[in-house]
Amino acid sequence: IFDPLLGTSPIRTYTNVSSVNVDITDHPLIIQVSGPTGAVAPVAPAPTPVTTQQPVSLTAGTGPDTLVLRISEDAWQGDAQYTVKVDGVQVGGTFTAKALHTLNQSDTLTLKGAWGTGAHTVTVNFLNDAWGGTATTDRNLHVDSMTYNGVAHPELARALNSAGAQDFSLAATSTPTTPTTPTTPTNTTPQSVSLTAGTGTDTLTLRISEDAWQGDAQYTVKVDGTQVGGVFTAKALHGANQSDTLTLKGNWGSGAHVVTVDFINDAWGGTATTDRNLYVDGMTYNGVAHPELARAMNSGGAQDFGFSGTSSTTTPTTTTPTPTPTTQQPVSLTVGTGTDTLVLKINEEAWQGDAQYTVKVDGKQIGDVFTAHALAAANQADTLTLKGSWGAGPHIVTVNFLNDAWGGTTTTDRNLHVDNIIYNGVAHPELAHWQNSAGAQDYAFN
C-alpha cells in the first residue's frame with residue numbers, strides 16, 4: 001500500500017491474495033495487489049469525507065528554547081501539510097495536520113532550538129491548499145495558538161485559507177518564565193520623535209505612528225533586502241494625527257525599490273482600545289513623496305512597500321500625467337533556461353503608467369523588472385514564460401508589485417492581476433489574484 005501524499009516507501013505488501021481490506025480514514029491511497037501471475041491492478045478509491053480524526057503530538061529540533069504550535073485543519077481530499085521556519089531557518093520537515101478544527105481539537109507541534117531573547121518570526125508555509133467550490137469542500141490550515149518558553153500568544157491565532165507562507169511575530173524570553181499581568185500603561189501623551197540611520201547620498205524618509213497599548217510599537221526597516229539601523233520604537237500617536245520622522249540614508253540610486261517594514265511586537269487585548277498597531281503614514285524618496293504607500297499594519301510581520309524613485313543627483317521634474325490607456329497590445333516574454341516551464345498570465349489596470357513587477361521562484365528572482373501591458377478590462381493577458389530546473393514537488397512563486405498608484409477613485413488606480421499560473425503544462429487557475437497594493441504576494445502549488 002502506498003501513500004501518495006506522504007510519498008513514503010511501501011507500508012504493507014500483500015502477495016498471492018485475491019482481496020485486501022483497508023480502512024481508509026485519512027486520505028486517498030493507491031492499492032496495488034499482485035496476483036500469482038504478477039499482474040498489478042491499481043485501484044483509486046473515491047475520497048472519503050473526514051469527520052473524526054485523532055490529534056497528534058510531534059517534536060522536532062534540539063535546544064534550550066521551546067516553541068509550541070497548536071495546529072488544526074479543515075480536511076478535504078487529504079490532510080493539510082505545512083512547514084515551519086523560525087527566524088528564517090526551517091525546523092523539521094513537512095508536517096501533516098490531523099486535528100479537525102470543527103471539533104475544537106488541536107495537534108501539538110513542539111519545536112526545540114536556541115533562539116534566545118528578543119523578537120522572533122515564525123513562518124508557517126501551507127503547502128497543499130485545495131478547494132472544491134463550497135465551504136465543505138475546502139482544505140485549510142489553522143494556527144490556533146503559539147507558546148514560547150511557557151508564554152502563550154493566543155493573539156497569533158490565524159486561519160491560513162490559501163497556500164503560501166505567513167509570518168507570525170512574537171517577543172520572547174530565553175528561559176521559561178511565569179506570565180505576569182502587564183503593568184505598562186498605554187501611552188496617552190503624543191511625543192513624536194525624529195530619528196536618523198545609515199549613511200549615503202540617497203534619503204528615504206518614513207512617517208510613522210502607532211496605537212500604543214501596554215508598550216510602544218517596535219519595527220525594523222529594510223531597503224532592497226538590507227536592514228538599515230536596528231530596532232526602532234514608535235512614539236507618535238496615530239489618534240493624535242502626529243507622525244515620527246525616520247530618515248534613512250544609503251546609496252540606492254534611481255529605479256524600483258522595495259522598503260520592508262517588519263512590525264515585531266503586535267499585541268491585542270480583545271477590543272479596539274486594547275490594541276497595539278503600527279502605521280506607515282507616508283514615504284518620501286529623495287524629495288519625491290509617495291502618499292499612496294500609507295498603510296495600517298494591524299498584525300505583526302513584514303510588509304513590502306514598492307516604488308520607483310530618482311537618485312539624489314537627479315532633479316525631479318514636473319510631468320503631465322499619462323492618461324489611462326483604453327487599448328493596448330499584450331506581450332509575450334521568455335526568460336531563463338532549464339527543463340521546467342512556468343507560465344504566468346498577467347494583466348493590469350493601467351493609470352499614469354503600466355504596472356511593474358518582479359518574479360521569484362522558490363526565493364530566487366528570475367529576470368529583471370517586468371512591465372505589464374495587457375488590460376484586464378479588455379480580457380487580455382500578457383504571457384510571461386520562465387524557464388528553470390525546479391523539479392517536482394511544492395513550489396512558491398513570489399510576484400512583487402513595485403509601483404502601485406491610486407488617484408482616489410476606481411478609475412484612477414494602477415493594479416496588477418495574476419490571471420493564471422501554469423507549471424509544466426498543469427494550470428492553476430485557483431491562484432488568480434488581484435494585487436491592489438504594492439508588495440510581494442506568494443503563490444504556492446504542488
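Q: Great. What kind of model is it, and how are residues numbered?
A: This is a predicted model, where local features need pLDDT of at least 70 and side-chain atom pairs count only at pLDDT 80 or more, while totals for chains, interfaces and linings use all residues. Residues are numbered from 1 along each chain as its sequence is written, and side-chain values use heavy atoms, with hydrogens and water left out.

Q: How many helices and strands does the protein have?
A: There are 0 helices and 38 strands. Helices (H or I, at least four residues) and strands (E, at least two) are DSSP runs, numbered from the N terminus.

Q: And what share of the residues is buried?
A: Buried residues make up 44% of the 446 residues. Buried means under 20% relative accessible area, with a 1.4 Å probe and protein chains only.

Q: On to the rings. How many aromatic pairs are there?
A: The structure holds 8. Rings of Phe, Tyr and Trp (its six-membered ring) pair if their centres lie within 6.5 Å; planes under 30 degrees apart count as stacked, over 60 as edge-to-face and the rest as tilted.

Q: Why is the pair of Tyr-219 and Phe-232 tilted?
A: Their ring centres are 5.7 Å apart and the planes stand at 40 degrees, so the pair is tilted. Tyr-219 belongs to strand E17 (residues 218-223) and Phe-232 to strand E19 (residues 232-233), so the pair ties together parts that are 13 residues apart in sequence.

Q: Are those two buried or exposed?
A: Both Tyr-219 and Phe-232 are buried.

Q: What about Tyr-357 and Phe-370?
A: With centres 5.7 Å apart and planes at 40 degrees, the rings of Tyr-357 and Phe-370 make a tilted pair. This pair links distant parts of the chain, with Tyr-357 in strand E29 (residues 356-361) and Phe-370 in strand E31 (residues 370-371), 13 residues apart. Tyr-357 and Phe-370 are both buried.

Q: Which residues form an aromatic cluster?
A: Trp-252, Tyr-285 and Phe-307 form one.

Q: Where does a charge sit over a ring?
A: The charged end of Arg-158 is over the ring of Phe-168, 4.0 Å from its centre. Likewise, the charged end of Arg-295 sits over the ring of Phe-305, 4.0 Å from its centre. The rule asks for NZ of Lys or CZ of Arg within 6 Å of the ring centre and within 35 degrees of the ring normal.

Q: New topic: what lines the largest cavity?
A: Val-331, Ser-332, Leu-333, Tyr-357, Thr-371, Asp-382, Thr-383 and Leu-384 do. Strand E27 (332-336) and strand E32 (382-388) are the elements that give two or more residues to this lining, and E32 has the largest share, 3 residues. On a 1 Å grid over the protein atoms alone, a cavity is a set of points where a 1.4 Å probe fits but cannot get out, and lining residues have an atom within 4 Å of a point.

Q: Now Gln-435. Where does it lie?
A: Gln-435 is in strand E37 (residues 433-435) and is buried, with a relative accessible area of 4%.

Q: Which polar contact does its side chain make with another side chain?
A: The side chain of Gln-435 meets that of Tyr-443 at 2.8 Å. A polar contact is a pair of N or O atoms within 3.5 Å; within protein, one must be able to donate a hydrogen and the other to accept it, and residues adjacent in sequence count only if both atoms are side-chain atoms. A polar atom of the Gln-435 side chain also lies 3.3 Å from the backbone oxygen of Val-399.

Q: And Thr-260?
A: Thr-260 is in strand E21 (residues 255-263) and counts as buried at 15% relative accessibility. A polar contact of 2.6 Å joins its side chain to that of Asp-304.

Q: Last one: where is Asn-128?
A: Asn-128 is in the loop between strand E9 (118-126) and strand E10 (130-131), and at 5% relative accessibility Asn-128 counts as buried. A polar atom of its side chain lies 3.0 Å from the backbone oxygen of Asp-79.

Notes
Buried means under 20% relative accessible area, exposed over 50%, partly exposed in between (1.4 Å probe, protein chains only). On a 1 Å grid over the protein atoms alone, a cavity is a set of points where a 1.4 Å probe fits but cannot get out, and a pocket is an open set with protein on both sides within 12 Å along at least five of seven lines; lining residues have an atom within 4 Å of a point.
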